[in-house]
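Subject: Structure for your review

Dear colleague,

Please find below the sequence and structure that I am handing over to you. My notes on the findings follow it.

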Amino acid sequence: MKNFPPAEAIAIDVPNFQRILPLFDVALFPKMVLPLIVMQKDSIKLVDDAMANDRVIGFVVAKKNEMQDEYKDGDIYEVGTSAVVLKMAKTEDGTVQMLVQGLRRFKIAKYTQLTPYMKAEVSNIDDDQSTDLEIKAMMSSLVAVFSNIVEISPVLPKEFATMAQSISEPGTLVDMTISTLSCPVAEKQKILEIFNVRDRLKESMRIINEQLEIVTLGNKIQRQVKIDIDKSQRDYYLRQQLKTIKEELGEKEIENIEITEYRAKIKNNKLPDEAKKEAERELSRLERMHTSSSEYTVSATYLDWLTCLPWYRCSKDNLNIQKAKKILNRDHYGLDKAKKRIIEYLAVRQLKKDPKGPILCFVGPPGTGKTSLGRSIARSLGRKFHRISLGGLRDEAEIRGHRRTYVGALPGRIIQGIRRVDTNNPVFMLDEIDKIGTDFRGDPSAALLEVLDPEQNNMFSDHYLDVSFDLSKVMFITTANILETIPPALKDRMEIIRLSGYMLDEKIKIAQRYLIPRQREANGLKAENIRFTNGSIKYIISNYTHEAGLRNLEREIAAVCRGVATKIAMKEASTSDITIQSIYDYLGPTKFTPDLASRKLVPGVCTGMAWTQSGGDILFIEALKMKGKNKLTLTGQLGDVMKESASTALSFVRANAKKFQIDESLFEDHDIHIHVPAGATPKDGPSAGVTILTALVSLFTGIAVPHDLAMTGEITLRGQVLEVGGIKEKVLAAHRAGIKTIILPKDNHKDMEDIPGKIQKSITFLFIEEMMHVLEIALKTKNNSS
C-alpha cells in the first residue's frame, strides 16, 4: 500500500488535460474522500500512468450502470470531479484498491484520447462559496434536517451531524450532506452539475427532505417487523419452557387430537393408493406445524376433503324394473322416450355388474318436466340426487376447483356434490347446460368435456385435490332448451333425448293428477274444498296459457286455489266448484284468444308453423301489393335467412307467372310488402319459404288460403320443397291452434313416429315434394269449398 499526504497538506495544481475514469453507482464530490476498486485492464493502466505523474484523475459518472470495454462521447456525463490519489494498493488478483479525495469540479470541453483510456481537455470550475442572509438561513435549515436524518438513521455515524454543523462554506456543506445520503446517483449528479450555490442549496433541500421521509417510513416499518418477530420469538420461548416444565414433572405431551383423528380416518377410510399417499404426506407436514399457523388450516381443510370423499362408497341400485317403471309412471305423465332409456339402463345393469353411467341430455321447452324427471330417475334407481345449475357459469374453476395456492381455495362443484351426497354413484343433474358462458377466467364447457366423457371421467382431476377421482359410476343428466348454443364437442359426448310440449289432453290429465293436488296442498285446501271440472281446466289451458310446458298452467291453478282459500278464510264459502263461468272471478279476462278465430279469410294471408325455444307456434304470413316500382319490403324482425326465403319465393312466382295466370306487368307497376305479425319477436330460418310463396300466389291470384290449413318447408328456386326440423313441436302448436290440415315436406314423413296417434287422427297430413303441388292443394281447396 502506497501512502501519500492528503490534498490539504500539499498544493496540487489541477491540470486542464486529465485522464477520465468512469464511475458506477457512486459520485465523487470536491473535498470528499472515497474508496474505489479498479478492475478493468485499461482503467488499471490509467491509474498507473496517473501515479507515475501528478496522481490526479478526473472522475465522471457513467450514464449506464454497467462496465463497457470502450467508451464514446455521450456515454458519460460532462461534469465530474478532479481527485488526487491518497492511497493505492494492488491485490494478488490484479485489481487496484485506492483511496481518492475530490479537489474541484470540471466540465469536459473535448476528448483528446479514447483508447486505451479516455483523456479530455477540461474547464476547471471554482466552487462558489459566497454567503448572504438567505444562504445562511438555508444552510441552517439543511443542517437541522440532516441532523434529524443522522439521528434516526441506523447506518449513518452520529459524528456526521457534528461535522455538518462545523462547515461554514455553503458549497462544501451541500456536497458533504448529499454525498453521505443513499439517494440515487442521478440526484447526486444533478447537484454536481449545479454551479450556483443558491440553486444548489434549494435542490439539496428538496432531496434531503425526501430522504428524511424515506428514513422515517423505513424506521416505522422496521419497528413493526421487529415487534412481530419479538412476539413470535416470545411465543416460541414460552412453548419451549412449557415443554421443559412438563418433562420435569414427568408429564407426556398430549398429541394433537386432530392429528390423531386424521390418522384414524386415513387408516379406516378406504382410499386409493394415490390419495392415501398424498394424505399421509400432507399429514406429516401438518404434524410439524403449530395450530396457530395459517398453513395449518389450509392443510387441515385439504385432509378433510381427502378423507371424507366416498372413494369406494356407493348406494345399491334398485334393479327391479317393474318397480322402477311404476315410480317413473307415477311421477310423470308421458315422456316415454326418457322412461324407456332408463329402463334399458336398468336391464343392462342386471346383465352387467359394473356398466358405465349413461350421459343423457334432455332437450325441450321450459316447463316440460326435465329437472323433475331427473329426481324421478334417481328415485327409481334408488340413488342419491344432486343438481348443479350451470346457467350463467363463466369460471372454469367452478367445475375443476381452484389450486391450493389461492386463498380460500375449494374443489369444484362436481367434487363438492359428490361429498354432499356421500356416494360415488349418484344421479347428477347439470341444469341449463346450454346457458354456460365464457370470459377471461376460462371456458367451463371445455372443463365439462372430461366430466362428460365415459372414456376419461374415471380419472377426473380436480385442481384442488390434485388426485384422480372416478366419476364413471355417476349417471350424468344434462338439460337444455336449445342445442345450438352447446359446443359441438360437448354435444357429441351426450345422448340427446328430446322432450316436446304436451297436448291439450295430456295437460288436462297432468293437471288432474299432479298440479291441482300439489297446489291444493300448498294453499291449505282439502279435496272437498275445491273441485275443477274438465271443462274449466280446458278453458284455463286454452284461454289463459300459451306454452308448450306447464309452468303458467300451474300458476293459474295456484291463483284459483288462492282465491278459494281467501273465500274460505273470510267465511264466504266452504266449498267451490270451479266451472267455466266462475273462472273469470278468479283469473279475470282471458289472456289469449285463439289465433284462427281472429283471422279473416282474405287473399295474401297464409298460416305457417315455427319452432321456438319455448316449443312450437303458428305464425301468419301477410302479403300486400300497392302501386310502386317493383320494390320488396319485409317487416316483422326477420332474420337474413328468412329474408332470403322471401326473395326466393318472389323470384319463383315471377318466373312462373304464366302458369298461375298472373299478369307479369303487375310486378313492374307494384311494390310488394310481406309482414309477419308479432313484430317485437325476432324470427329467422328457412322453414317459412313454402308459406311465403303460397301467400304471394294467393295475393296475385286473389284466391284465399283456408284458415285451418298450415304448412312448413324450405323452398328452392326450382320449386322443390326441402326437409325442415322441429316437426313435433310445430304440429303440437298447430293442434293447439285448431289446424285441420298440415302440409309437410315429403322427407319429413319419418318424423311422424314422434307425433301422438290422437293428433294423427284429428289432422290431415299431406307430404309434398314440389311447390306446384302445394299451391294446387292450398288454392284448389278454396275453390272446392266455394
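Helices (H or I, at least four residues) and strands (E, at least two) are taken here as DSSP runs, numbered from the N terminus. On that basis the protein chain holds 26 helices and 25 strands. With a radius of gyration of 46 Å, well over the 28 Å that the globule rule gives for 786 residues, the chain is more spread out than a compact globule. That radius is taken over C-alpha atoms, and the globule rule is 2.2 Å times the number of residues to the power 0.38.

Please note that this is a predicted model, in which local features need pLDDT of at least 70 and side-chain atom pairs count only at pLDDT 80 or more, while totals for chains, interfaces and linings use all residues. Residues are numbered from 1 along each chain as its sequence is written, and side-chain values use heavy atoms, with hydrogens and water left out.

Overall chain

Along the principal axes, the C-alpha atoms of the protein chain fill a box of roughly 135 × 95 × 60 Å. Of the 786 residues, 47% are buried (buried means under 20% relative accessible area, exposed over 50%, and partly exposed in between, with a 1.4 Å probe and protein chains only). The accessible surface of the chain is about 40,400 Å², and carbon and sulfur atoms account for 51% of it; areas come from the Shrake-Rupley method with a 1.4 Å probe, and for residues only the protein chains shown count as cover.

Among contacts in the chain with a separation of 6 or more, 74% are between residues 24 or more positions apart; contact means heavy atoms within 4.5 Å.

Helix α18

Helix α18 (residues 534-544) has S536, I537, I540, I541, N543 and Y544 as its buried residues. The elements that cover them include α17 (504-522), β15 (530-532), α19 (551-569), β16 (576-578) and α20 (583-587).

D395 sits in the loop between β9 (385-389) and α13 (397-400). Its relative accessibility is 15%, so D395 counts as buried. A polar atom of the D395 side chain lies 3.1 Å from the backbone nitrogen of A397. Apart from neighbours within four places in sequence, D395 is in contact with H402, R441 and P444.

R718 belongs to the loop between β22 (714-715) and β23 (721-722). Because its relative accessibility is 74%, R718 counts as exposed. Not counting residues up to four places away in sequence, R718 touches F652 and E770. R718 and P487 are 231 residues apart in sequence and, C-alpha to C-alpha, 35 Å apart in space.

Backbone geometry

Most residues other than glycine have a negative phi, and most peptide bonds are trans.

T115 and P116 are joined by a cis peptide bond, with omega about -5°. P116 is placed in the loop between β6 (96-113) and β7 (118-125).

E432, which is not a glycine, has a positive phi near 60°. E432 lies in the loop between β10 (427-431) and α15 (444-451), and its relative accessible area of 24% makes E432 partly exposed.

D466 also is not a glycine, and its phi is positive at about 65°. This residue is found in the loop between β11 (460-461) and β12 (468-469). D466 is partly exposed, with a relative accessible area of 47%.

Yours sincerely

Notes. A polar contact is a pair of N or O atoms within 3.5 Å; within protein, one must be able to donate a hydrogen and the other to accept it, and residues adjacent in sequence count only if both atoms are side-chain atoms.
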